[in-house]
Amino acid sequence: MPAVAKERYYEPAPDSIDVEEFRKVVDSRRSVRKFTDKPIPSDVLNDCIDMAMLAPNSSNLQQWEFYVVKTPEKKAKLVEACLNQNAAGTAAELIVIVASMSSWREHARMTLTEWPQPTVPKIVQQYYSRVAPFYYGIGPLGSWGLVKKGIAGVTGLFKPVPRGPFSHADMKVWAAKSVALASENLMLGLRAHGFDSCPMEGFDEVRVRRLLKLPKDAFVVMVLGAGERAKDGVYYPRLRFDRARFVHEV
Ligand SMILES: Cc1cc2nc3c(=O)[nH]c(=O)nc-3n(C[C@H](O)[C@H](O)[C@H](O)COP(=O)(O)O)c2cc1C
């Protein structure tokens, strides 16, 4: 009996992307420290946030949250918490980009209930019901993480194994990686719409957390000031070091 070929999902990539337009977006994104008064239309900002959420992310567990700070009193407090940086004070919009270290459990369950095909493939079912909780759980006071570290230490002597996340600190790095990618999508989206941004880590984390009432298993990756670039909004020409310092062919 001839073997029946397994039906594969097929998603063709568009073939008409203009790389020069993409380069223009990437190249013209600068950290802007001074914005004009022009507001960002809400459909533009929403489109940019939607594009942010298309970023690749670990196990598709979508660790991000975006707090668009609208209330004038909250905005004023946030500017202060951003150490009164110009990029915050002049921004038309302030978006606090947050990483969650705990939403993965609910998102693993949601992956199975919201799967975009009539049936959830068995491997996906197994991954989100068993493998993900094994990988990303660290247990009370990191107890399960320590067990996993021990198992990895021994098994790793004989074959390649994942070396984490084993701790709260590992989970923080894990979540931050994906959320940073979303942040970049958001900045490039703004640029493509003719707006600009400034990512900020210069803020008082305690105050920003308090302002947003963040739970303890979430943290601020960056605050993004966004708006229209003022003529003198970019303070210096761009500086990047020689690529030979960074690019290694091994
Ligand atoms: C994680 C992160 C934190 C940053 N924090 C600040 C900040 O607090 N204030 C600021 O003016 N710029 C901040 N920047 C912007 C950098 O200074 C800027 O990206 C860098 O100088 C390169 O310039 P360019 O973005 O114009 O290419 C930050 C950038 C990143 C990625």
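User: How many of the 250 residues count as buried here?
Analyst: 37% of the 250 residues of the protein count as buried. Buried means under 20% relative accessible area, exposed means over 50%, and partly exposed is in between, with a 1.4 Å probe and protein chains only. This is a predicted model, where local features need pLDDT of at least 70 and side-chain atom pairs count only at pLDDT 80 or more, while totals for chains, interfaces and linings use all residues. Residues are numbered from 1 along each chain as its sequence is written, and side-chain values use heavy atoms, with hydrogens and water left out.

User: OK, and what's the secondary structure?
Analyst: The protein has 9 helices and 4 strands. From the N terminus the order is α-α-β-α-α-β-α-α-α-α-β-α-β. Helices (H or I, at least four residues) and strands (E, at least two) are DSSP runs, numbered from the N terminus.

User: What box do the C-alpha atoms fill?
Analyst: Roughly 70 × 50 × 45 Å, taken along the principal axes.

User: Let's go to the ligand. Which residues surround it?
Analyst: R29, R30, S31, R33, Q85, C198, P199, M200, E201, G202, R238 and R240. A residue counts as near if one of its heavy atoms lies within 4 Å of the molecule. By class, that shell has 3 nonpolar, 3 polar and 6 charged residues. For the classes, Ala, Val, Leu, Ile, Met, Phe, Trp, Tyr, Cys and Pro count as nonpolar, Asp, Glu, Lys and Arg as charged, and the others, Gly among them, as polar.

User: Which atoms of P199, E201 and R240 lie by the ligand?
Analyst: For P199, a backbone N or O atom lies 3.1 Å from a ligand nitrogen. E201 also uses a backbone N or O atom, 2.9 Å from a nitrogen of the ligand. With R240, a polar side-chain atom lies 3.0 Å from a ligand oxygen. A polar contact is a pair of N or O atoms within 3.5 Å; within protein, one must be able to donate a hydrogen and the other to accept it, and residues adjacent in sequence count only if both atoms are side-chain atoms.

User: And how much of the ligand does the protein bury?
Analyst: Taken alone, the ligand exposes 620 Å², and the protein buries 67% of that. Accessible areas come from the Shrake-Rupley method with a 1.4 Å probe; for residues, only the protein chains shown count as cover.

User: Switching to salt bridges. How many are there?
Analyst: The count comes to 9, where a salt bridge is a side-chain nitrogen of Lys or Arg within 4 Å of a carboxyl oxygen of Asp or Glu. One of them joins K38 and E228, at 3.9 Å from N to O. That pair links distant parts of the chain: K38 is in the loop between helix 1 (19-28) and helix 2, E228 is in the segment after strand 4, and they are 190 residues apart.

User: What about R191 and D196?
Analyst: Their side chains meet in a salt bridge at 3.0 Å, N to O, and both residues are buried. R191, D196 and R229 are linked in a network of salt bridges. Another bridge pairs R207 with D204, with the closest N and O atoms 2.6 Å apart.

User: Where's the cis peptide bond?
Analyst: From G164 to P165, with omega near 5 degrees. P165 sits in the loop between helix 7 (143-155) and helix 8 (168-192). Most residues other than glycine have a negative phi, and most peptide bonds are trans.

User: Then which residues have a positive phi?
Analyst: Among them are N60, with phi near 55 degrees, and Q62, with phi near 50 degrees. N60 is in the loop between helix 2 (42-52) and strand 1 (64-69), and Q62 lies in that loop too. N60 is partly exposed at 41% relative accessibility; Q62 is partly exposed at 31%.

User: N57 is in that loop too. What does its side chain touch?
Analyst: A polar atom of the N57 side chain lies 3.1 Å from the backbone oxygen of A55. The backbone nitrogen of L61 lies 2.9 Å from a polar atom of that side chain. N57 counts as buried because its relative accessibility is 15%.
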